[in-house]
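Open the model in your viewer and keep the sequence panel beside it.

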Amino acid sequence: MAGTAALYPTAAGPFHAEIVMRPLLLFLSAVLVVAQGAYAPRSEGAEKPNVLFIAIDDLNDWVGPLGGHPQVKTPNMDALAARGTTFTNAHCQAPLCNPSRTSLLTGLRPSTTGVYALAPWLRTSDKLKDHATLFQWFKRNGYATVSTGKVFHGGYPPKEDRAAEVDTFGPPGVMQPRPKTKFVQTPDPHPLVDWGVFPEKDEDCFDHDIATWAVKQLRQPPKGPWFLAVGFQHPHVPCYAPQKWFDLYPADKLVMPQVKPDDRDDLPRFASYLHWKLPEPRLKWLQENKQWEPLVRAYLASVSFVDAQVGRVLAALKESGQEKNTVIVLWSDHGWHLGEKGITGKNTLWERSTRVPLIFAGPGVAANAKCDRPAELLDLYPTLLDLCGLPPNKANEGLSLVPQLKDAKAPRERPAITTHNPGNHAVRTEKWRYIVYADGSEELYDRAADPHEWTNLATDARFADVKKALAKWAPAKSAAPLPGSAGRILTYDDGVPVWEGKPIGKNDPFPDE
């Protein structure tokens with residue numbers, strides 16, 4: 001991969017030399033970009049671009065532009081990528097909905113916000129109650145803000161807070177209708193953990209209504225510049241879609257994820273604590289109950305269904321005549337396992353959980369480009385401000401991606417960092433994934449040689465200097481979980497891991513269902 005060795009070499013000496021040289025590289029790149037006019041200030045009379053902000057729930061890299069699955073069909077995302085720039089090495093800040101979306105919308109890391117779990121709502125925090133979200137920053141700068149579907153975590157903002165967060169709040173999105181009884185009786189009877197053909201027609205499937213509402217907004221947009229956020233919930237479970245989407249993936253020709261039976265043998269025990277007990281079933285149960293293939297097929301069908309909804313929104317934008325003056329960004333809040341590492345779901349610091357689609361298109365964005373530099377969802381806030389010529393929010397912890405949107409080979413100052421609960425962090429460069437857990441245990445993967453992350457190199461003395469250099473990027477401190485934190489919360493209290501309020505014993509077996 002071009003530029004990889006210069007940015008993140010394996011040898012300790014060159015790695016530290018690269019850190020010393022990075023400021024010079026960034027300076028030279030900035031001079032070049034300014035010379036090319038990329039940072040030319042917007043003239044006072046220039047029309048500010050609109051923003052179409054498309055969020056997709058639990059979508060991993062099984063999309064055409066990322067090539068995560070050889071059979072996936074996402075023609076609308078493919079077309080968007082052809083119009084813009086795809087970040088092939090983009091990662092979430094947390095592999096869980098609420099902390100990931102809170103981070104993106106506040107521009108702050110989970111280790112700063114203290115939001116690690118499915119609850120609470122960010123405004124319950126004294127340090128966040130007056131913090132300007134991405135919506136609010138755009139509103140302060142003259143934009144009409146509109147949101148529909150799942151953009152914040154489900155149920156947030158509470159109804160009484162919505163007017164303060166967004167000008168126009170459309171349908172929040174509900175996972176209805178659902179069949180009277182679940183198709184699959186999973187070990188945990190959670191009603192959303194299900195998959196199968198349902199309903200008969202697209203217009204009766206959830207997310208179709210969200211696209212319909214967004215299309216209406218684009219046909220009658222607000223006056224002046226606008227920021228429209230559209231949040232889709234597919235392919236989040238339940239993985240329901242009409243039959244025609246399943247037909248794209250014949251069961252007898254389905255390509256399954258590559259898994260290694262003993263893949264967890266070289267993992268530190270603490271790795272399992274991050275997903276200790278979840279409603280999503282383990283691979284062992286899926287195989288024993290002949291549900292692995294049906295789940296993979298349903299996930300792919302859900303991906304293609306939501307791609308079609310994205311296409312409806314993009315078509316409406318084009319028909320409105322506003323496409324040329326609209327910045328489009330499409331992203332997912334985190335990935336999703338489908339058997340890799342023996343699990344399904346998210347809640348891990350491995351590639352399958354952290355890697356996400358991130359595509360920009362529109363004014364100021366190079367077309368048909370792919371950028372391999374590490375990128376973070378945290379970067380969306382400053383990037384959109386930069387693209388729209390708005391003043392920066394100095395509280396943001398992300399970096400603008402505008403240099404890479406102009407030139408995909410432009411250098412990047414730092415790797416991508418993902419956090420899952422206090423003290424657990426992953427650092428992703430172009431070559432390496434390094435993970436450190438709250439108890440100090442580690443994992444290290446050479447992504448170039450080991451794309452499946454099957455061989456943990458952390459105990460190999462040859463890579464001690466690599467680990468040391470990568471570890472410096474992990475947050476030095478993690479904020480304590482906010483009061484009221486609940487739902488997939490893990491803490492490490494006086495040497496004892498505590499999952500959702502219950503201590504985990506040293507010899508407790510890993511739940512394999």
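How many helices and strands does the protein chain have? Colour by secondary structure: there are 16 helices and 21 strands, where helices (H or I, at least four residues) and strands (E, at least two) are DSSP runs, numbered from the N terminus. The radius of gyration, taken over C-alpha atoms, is 22 Å, close to the 24 Å that the globule rule gives for 513 residues, so the chain is as compact as a globular protein of that length. The globule rule is 2.2 Å times the number of residues to the power 0.38.

This is a predicted model, in which local features need pLDDT of at least 70 and side-chain atom pairs count only at pLDDT 80 or more, while totals for chains, interfaces and linings use all residues. Residues are numbered from 1 along each chain as its sequence is written, and side-chain values use heavy atoms, with hydrogens and water left out.

**Whole chain**

Show the C-alpha trace, which spans about 65 × 60 × 50 Å along its principal axes. Of the 513 residues, 60% count as buried (under 20% relative accessible area, with a 1.4 Å probe and protein chains only).

**Largest pocket**

Next, select Gln258, Glu340, Arg352, His452 and Trp454. Of the 48 residues that line the largest pocket, these are the closest to its centre. The space in this pocket is about 1100 Å³, counted as the space filled by probe spheres set on grid points joined across faces, edges and corners. A pocket here is an open set of points on a 1 Å grid over the protein atoms alone, where a 1.4 Å probe fits, with protein on both sides within 12 Å along at least five of seven lines; lining residues have an atom within 4 Å of a point.

The largest share, 3 residues, comes from α11.

**Second largest pocket**

Move to Lys150, His153, Gly154, Leu192 and His236, the closest to the centre among the 29 residues lining the second largest pocket. The volume of this pocket is about 440 Å³.

**A loop residue**

Where is Pro261? Select the loop between α9 (243-246) and α10 (270-273) to find Pro261. Pro261 is exposed, with a relative accessible area of 86%, where exposed means over 50%. Finally, pick the C-alpha atoms of Pro261 and Lys284: they are separated by 9.9 Å, and the two residues are 23 apart along the chain.
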